[in-house]
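Please keep the sequence and the model open while reading.

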Amino acid sequence: MDNHGLEEFRRRWQEELAQAQALKKRRRPETAERRPRRPELVPGRGEQASGYLALAQGLLEGAGRPPAARATQAERQDAASRSRSPQGREDTEGGDQLLDQLIRDLNEMDDVPFFDVQLPYELAINIFQYLNRKDLGRCAQVSKTWKVIAEDEVLWYRLCQQEGHLPESSISDYSCWKLIFQECRAKEHMLRTNWKNRKGAVSELEHIPDAVLCDVHSHNGVVIAGYTSGDVRVWDTRTWDYIAPFLESEYEEDEPGMQPYVSFVKINSSLAVAAYEDGILNIWDLRTDRYPIHRFEHDARIQALALSREDATVATASAFDVIMLCPNEEGYWHIAAEFEVQKLVDYLEIVPDTGRYPVAIATAGDLVYLLKAEDSARTLHYVYGQPVTCLDVSANQVAFGVKSLGWVYEGNKILVCSLEAERCISKLGNALGDFTCVNLRDSPPSLMISGNMDRRVRIHDLRTDKITLSLSAHQLGVSSVQMDDWKIVSGGEEGLVTVWDYRMNQKLWEVHSRHPVRHIAFNSHSLITANVPYERVVRNSDLDNFATHRRHRGLIHAYEFAVDQLAFQSTLPICRSSYISMAGYNYDLALTFPYDSIRE
């Protein structure tokens, strides 16, 4: 609106206002004198906004529309007769047009909506809850009233919960949630920078002499490992206390060295499970004692083991039987369900968040079974001559790789099936090599990551059934893989652990060891890797040193990237390392105590 148009608009406005005031004084002089001043409508623009609104009220009344609540019967009849006349209709239409122009000019000049209301505080909070952190910061700069609303504790507590900061806390735990949110964001930025620059501490978990590592599993920083000596150890890397206790078994009375190998180990927040070569299954409660709370014997070797991440449900596969174990209401373990399958089981997983009755997925050759505790075994997928090569499950989907054989070669694919519909909903990829690992549960929504024998790591989009990214990450096949919202950590058969920023398609860093990487698990601040050898034979047992262990017995590494804060709470692993240990120099020395200068 140019200056000439604005002056013309003001002139017409003043004329209409003068007519409305004159008419009002003739009809009701006392009402006009007693009418209170209207409140400020636009925060921070008191005089200008109130003047505009007074003019708007005058225009409304001057256009022939007095408030019905205050108008008498004669006035209403007079207003109706004037509105029916041509001159009255022209005045009304002119007033509407003038009011619309007023609202447009106010929105243009003030850049705020034209609201003639006073909102309650609770209603304002409900409106502001749909804003993100940037919008709340902008609203806090409008006025003092908006600043109070934009910095309300409820809004910032909700933002913390939405972005995953302090999910188990309540609003009464802290007095300033905006400050807590800022600290969490700063910590997140620091952790991401440390991840990219490999800045932190790494510790090698202590091995057992005269034993070879057989299997490793971890859950939230707690690591469990099984060895050829029959020993099972547990480390809690969250406290940096890497002197792990042994979980006792039932083989203590036997002669040393005669215990069977540990085939599989699993752990969650409360339970630890180990399966042995002779078919024995031991279950420990990590909250009570290091002795097993339950022991179950199979007639044959255990081929697959699964443990629920959320509750106390264990599934085992031995010969052609699959058994689900769980405690009853009194705490006694019993067989919740037992199934018979046609072939030997290769992979076994428990479906999370299934409620009262546990559900498991088992693969046996080219068969995929859906096992529900209250039902019989049902075939989820079967194509003759297409064996399953990997498996992973989420709360409502299951993903598994299939190998294409026979006369009609369709390429190796990953199939995604819906557990609710019990049918295949997606066919992903078309690779020459076998898919060796797939991670569906830990991936971001609508994404899935897989590893292949062709040395490539692929990210699949479940919405479009297409490959969004393919990385040539290893020299041999990919053995383990995991991703989050910005990075990928993969392990290969050659022993290489690689970290990628997949948004930038850039390799950040890599670490190499002798044996294949069989386990990878990470969160925002830590990483657990395990290199498990192919051969379970002890070599040079009389030479118990670091080099022998590194070559033949396997390795478990724990990386901590929040070392900037943890360094003030506990002693760093490097400060507990001996000078003869080669692993003691695999750190970022800028974050640790320079003990070499003291030795000099």
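In which loop does Ala 319 lie? Ala 319 lies in the loop between strand S10 (314-318) and S11. The model is predicted.

Most residues other than glycine have a negative phi. Ala 319 is not a glycine, yet has a positive phi of about 55°. Its relative accessibility is 26%, so Ala 319 counts as partly exposed.

Arg 198 is another non-glycine residue with a positive phi, here about 50°. Arg 198 sits in the loop between helix H10 (177-197) and S1. With 31% relative accessibility, Arg 198 is classed as partly exposed.

Strand S11 (residues 321-327) and strand S12 (residues 333-340) run antiparallel. Seven bridges join them.

## The four-stranded sheet

Which strands form the open sheet, and in what order? The order is S1-S31-S30-S29, with antiparallel pairing. Strand S1 (201-204) and strand S29 (517-522) stand at the edges. Each has a single partner strand, so one side of each is left without a neighbour in the sheet. From one strand to the next, the twist averages 15°.

Inside this order, strand S30 (residues 526-531) is joined to strand S31 (residues 555-560) by six bridges. The two run antiparallel. Leu 527 has Tyr 559 in S31 as its bridge partner. In a regular strand the side chains alternate between the two faces of the sheet.

## Asp 285 in strand S7

Asp 285 belongs to strand S7 (residues 280-285). Is Asp 285 buried or exposed? Asp 285 is buried, because its relative accessible area is 11% and the cut-off for buried is under 20%.

What lies around Asp 285? Neighbours within four places in sequence aside, Asp 285 is in contact with Ser 270, Leu 271 and Ile 293. A polar atom of the Asp 285 side chain also lies 3.1 Å from the backbone nitrogen of Arg 287.

## Helix H6 and its cover

Helix H6 spans residues 121-128. Its buried residues are Ala 124, Ile 125 and Phe 128. Seen down the axis of H6, these buried residues fall within an arc of 100°, so they line one face of the helix.

What covers the buried residues of H6? The cover includes helix H7 (133-139), helix H8 (144-150) and helix H9 (153-162).

## The chain as a whole

The protein chain has 600 residues. Its secondary structure comes to 13 helices and 31 strands. Of the residues, 46% count as buried.

Contacts across the sequence complete the picture. Taking contacts between residues at least 6 apart in sequence, 45% join residues at least 24 apart.

Note on methods:
Residues numbered from 1 in each chain as written. Predicted model: local features only at pLDDT ≥ 70, side-chain atom pairs only at ≥ 80, totals over all residues. Heavy atoms only, no water. Buried < 20%, exposed > 50% of the residue type's maximum accessible area, 1.4 Å probe, protein only. Arc of directions from axis to C-beta. Contact = heavy atoms within 4.5 Å. Pairing = 2+ DSSP bridges. Polar contact = N/O pair within 3.5 Å; in protein donor to acceptor, adjacent residues only side chain to side chain. Axes fitted to C-alpha atoms, helices over the stretch in contact; angles between N-to-C directions.
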